[in-house]
Amino acid sequence: FTLTDFALIQRDLLNAFNIRQGELPGRPGYGTVIWNYLFEQQTQETQALLQQEIQRVCAGDPRVFISGMQMFPQENGILIQLGLAVVPSTTAQQLSIFFDQQQRIATYV
């Protein structure tokens, strides 16, 4: 099967969120360090670091920009709701990504 348009962007972002930064050979800046923050106490400082990291990962994809973000700490992970707009459009689409501490994967909800 072939993904196109927003479905392809979703898959690319999910890949970036599931790869730890530095794990991809030849691309040490690709991936995320979000997994380092999930086991920390969810303080305002930790949430600010999570937001910065999500913005950094999304900024790596020139096809989208973040129009809104909300975070909801859960019992076994964190739920992040992103409003993403595809460039050059201004219409945002809502994505809900759950970062599961136990399984150590990010999935769309």
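A nonpolar core, as I use the term, is a set of buried Ala, Val, Leu, Ile, Met, Phe, Trp, Tyr and Cys residues joined through side-chain atoms within 4.5 Å. Buried means under 20% relative accessible area, exposed over 50%, and partly exposed in between (1.4 Å probe, protein chains only).

**Ground rules.** I'm working on a predicted model, where local features need pLDDT of at least 70 and side-chain atom pairs count only at pLDDT 80 or more, while totals for chains, interfaces and linings use all residues. Residues are numbered from 1 along each chain as its sequence is written, and side-chain values use heavy atoms, with hydrogens and water left out.

**Entry: the core.** I looked up the largest nonpolar core, which has 24 residues. Phe 17, Ile 54, Ile 80, Leu 82, Leu 84 and Phe 99 touch the most other members. At least two residues each come from helix 1, helix 2, helix 3, strand 1 (64-74), strand 2 (77-86) and strand 3. Helix 1 supplies the largest share, six residues. My helices (H or I, at least four residues) and strands (E, at least two) are DSSP runs, numbered from the N terminus.

**Entry: Phe 17.** What does Phe 17 contact, leaving aside neighbours within four places in sequence? I noted Thr 32, Ile 34, Trp 35, Ile 54, Val 57, Cys 58, Ile 97, Phe 99 and Ala 106. Contact here means heavy atoms within 4.5 Å.

**Entry: rings.** I pair rings of Phe, Tyr and Trp (its six-membered ring) if their centres lie within 6.5 Å; planes under 30 degrees apart are stacked, over 60 edge-to-face, and the rest tilted. By this rule I get two aromatic pairs. Phe 17 and Phe 99 are edge-to-face, 5.5 Å centre to centre with 85° between the planes. Phe 17 sits in helix 1 and Phe 99 in strand 3 (residues 92-100), so this pair ties together parts 82 residues apart in sequence. Trp 35 and Phe 99 have ring centres 5.5 Å apart and planes at 65°, so that pair is edge-to-face too. Trp 35 is in helix 2 (residues 34-37) and Phe 99 in strand 3, 64 residues apart. Together, ring pairs link Phe 17, Trp 35 and Phe 99 into a cluster. I checked burial as well: Phe 17 is buried, Trp 35 is buried at 4% relative accessible area, and Phe 99 is buried at 0%.

**Entry: the largest pocket.** A pocket, on a 1 Å grid over the protein atoms alone, is an open set of points where a 1.4 Å probe fits, with protein on both sides within 12 Å along at least five of seven lines; lining residues have an atom within 4 Å of a point. How much space lies in the largest pocket? I get about 180 Å³, a volume being the space filled by probe spheres set on the grid points. The lining includes Asp 12, Arg 27, Tyr 30, Arg 56 and Asp 61. Helix 1 (5-18) and helix 3 (44-59) are the elements that give two or more residues to this lining, and helix 1 gives the most, with three.

**Entry: two spot checks.** Asn 76 is in the loop between strand 1 and strand 2, and is partly exposed at 27% relative accessible area. Its contacts beyond four places in sequence are Phe 98, Phe 99, Asp 100, Gln 101 and Gln 102. Ser 96 is in strand 3 and is buried, with a relative accessible area of 14%. Not counting residues up to four places away, Ser 96 touches Leu 79, Ile 80, Gln 81, Thr 107, Tyr 108 and Val 109.
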